[in-house]
Amino acid sequence: MRTVAVVGSQWGDEGKGKIVDLLAADADVVVRFQGGNNAAHTLVVNGEKFVLRLVPSGALHDGKVCVVGSGTVVDPFALLEEVDALKKRSFLVGDNRLRLSYDAHMVMPYHRAIDRAREARLGKSAIGTTGFGIGPAYEDKMSRQGLRFDDLVDWKTFREKLERNIAEKNLYLKSVLKAKPLNGGELVEAMQKLRRRILPYLCDTGAFVADAVRRGQRVLFEGAHGTMLDIDYGTYPFVTSSNCIASAVFAGGGLPPGKLDATLGISKAYTTRVGSGPFPSEIHGKLGDRLRSEGGEFGSATGRPRRIGWFDAVLSRYAVRANGMWALAVTKLDVLSGIDPVKICVAYTVGKERHDEMPPARHALAKAKPVYEEMPGWSGSLNGAQSLEDLPPNARRYIERLGELAGVPIAMVGVGASRDATIVLRNPFRD
Ligand code: GDP
Ligand code: IMO
Ligand code: MG
């Protein structure tokens, strides 16, 4: 297979970055196609930790081209900070390693200010956004007020558009949100300085990706967030502001429809969520605290504690359908070692009704109670496991059961944070 999408099948933080980094060894091009720096993808390579927010997780391999596609929203200050940090550690060196779409929209400081002021005003009903201005930036894109990197090419018109936007956003911040306005002059000056550094990265990424595919190169598409955070498929309004499922690859990544060979879904061996919203298999109390601490479940973007739950097979079946999933990679199996029994949510009840599949009206999820299946646990370190045979029998049975319930083959199993702590059963680029 030559074109592969990696997507989250839960509420984000499934370990997409780690799997993309692993698969990138066999890819020529790695593409981000949606979202912004609300994403935080952690890679652990040779004991060193990297958190990538905007730069695709192919950056740690020599010679791969990293593309930030038109469907993304990019904070240019954050992007340059990330690029500088990578270059300082001797990654992403060489010409044309990073290509940024002319058509990607910019996240500006006023988007962040609006995001944060709105969340503060919502109080208890807040979505729990990352506060990085992602929603307001996508709003501007859709209302055709957004600034694209294309605009930056002509400074004079860019400046006019930016000043118009600052004036309007400041009015909104002051009068409606009762928040502090921005210093427009400072932002214009900072953008003028930054422009010179951004322009060399600009590229017609749609043409670049289509050409790479035509030439038979291997292209890997790196999803951000997860199916349940998708603006259409997720737990609206407790979602992010983009489509995160595999079909976003076409509009946001430049791949012609029909050219995607496989979608690999990523799921933890349990479930986590950051922010508010329904979570039927959530675990409260001591067991949740234990898994949070053993799994290091604190948001890489914001440091917030992640909510913890059991693996939810209803969600995974839904994600398999939404993404036309070829296979599933299950990460963090090691974190469940020592938990006995382990539970799997196999269905919900809503009132007196049992749902084996996602309830047709999504609002029911808020009232859904989990129906659990229990399996005996296992203990001991899974460190060094390279095949299913290396796992304790109960851990192996658990993985097999997840595949059965999700209705897709299991392609990979994560047994630790580092790149090589992965059991690879199927590699889409080598299949
Ligand atoms: P992403 O946003 O989907 O890329 O996931 P994050 O990087 O935000 O969160 C996943 C966390 O789990 C990171 O800290 C990874 O280093 C870590 N991780 C990934 N796979 C495994 C695994 O199999 N075992 C363990 N223990 N940690 C893992
Ligand atoms: P990765 O790619 C986990 C969540 C936020 C919040 C909601 C909306 O690392 O898996 P936003 O700032 O996007 O408007 O916030 O979406 N969220 C994520 N949760 N991982 C992510 O990305 C997320 N990106 C957004 O916590 O609930
Ligand atoms: Mg993450």
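Trainee: Where is the place of Pro341?
Mentor: Pro341 sits in the loop between β15 (327-331) and β16 (342-350), where a strand such as these is a DSSP run of E with at least two residues, a helix is a run of H or I with at least four, and both are numbered from the N terminus. This is a predicted model, in which local features need pLDDT of at least 70, side-chain atom pairs count only at pLDDT 80 or more, and totals for chains, interfaces and linings use all residues. Residues are numbered from 1 along each chain as its sequence is written, chains are lettered from A and ligands numbered from 1 in the order in which they are written, and side-chain values use heavy atoms, with hydrogens and water left out.

Trainee: What is the peptide bond from Asp340 to Pro341, cis or trans?
Mentor: The bond from Asp340 to Pro341 is cis, with omega near 0°. A cis peptide bond also joins Tyr236 and Pro237, where omega is about 5°, and Pro237 belongs to the loop between β10 (219-222) and α8 (248-253).

Trainee: What makes Asp13 and Ala40 count as coordinating the magnesium ion (ligand 3)?
Mentor: Asp13 (OD) and Ala40 (O) stand at 2.0 to 2.2 Å from the magnesium ion, and donors are N, O and S atoms within 2.8 Å of the metal (3.2 Å for Na, K and Ca), so both qualify. Water is not among the atoms, so a site may look incomplete. The pair is 27 residues apart, with Asp13 in the loop between β1 (3-8) and α1 (16-24) and Ala40 in the loop between β2 (29-32) and β3 (41-45).

Trainee: Which of the two is buried, and which partly exposed?
Mentor: Ala40, at 8% relative accessible area, is buried, whereas Asp13, at 22%, counts as partly exposed.

Trainee: Which residues is Ala301 in contact with?
Mentor: Leaving aside neighbours within four places in sequence, Ala301 is in contact, that is, has heavy atoms within 4.5 Å, with Asn38, Ala40, Arg53 and Phe132. Ala301 is in the loop between α9 (286-294) and β13 (307-309), and its C-alpha is 8.7 Å from that of Val51, although the two are 250 residues apart in sequence.

Trainee: How is the chain divided into domains?
Mentor: The assignment, whose bounds come from an automatic or database source, gives domain 1 (3-101 + 202-262), domain 2 (105-198) and domain 3 (268-424). The centres of domain 1 and domain 3, taken over C-alpha atoms, are 24 Å apart, and their contact takes 32 residues from domain 1 and 38 residues from domain 3.

Trainee: How do you know that Arg419 forms a salt bridge with Asp21?
Mentor: A salt bridge needs a side-chain nitrogen of Lys or Arg within 4 Å of a carboxyl oxygen of Asp or Glu; the closest N and O atoms of Arg419 and Asp21 are 2.6 Å apart, so the pair meets the rule. Between domain 1 and domain 3 the count is two salt bridges. On the side of domain 1 that touches domain 3, α1 gives the largest share, five residues.

Notes: Buried < 20%, exposed > 50% of the residue type's maximum accessible area, 1.4 Å probe, protein only.
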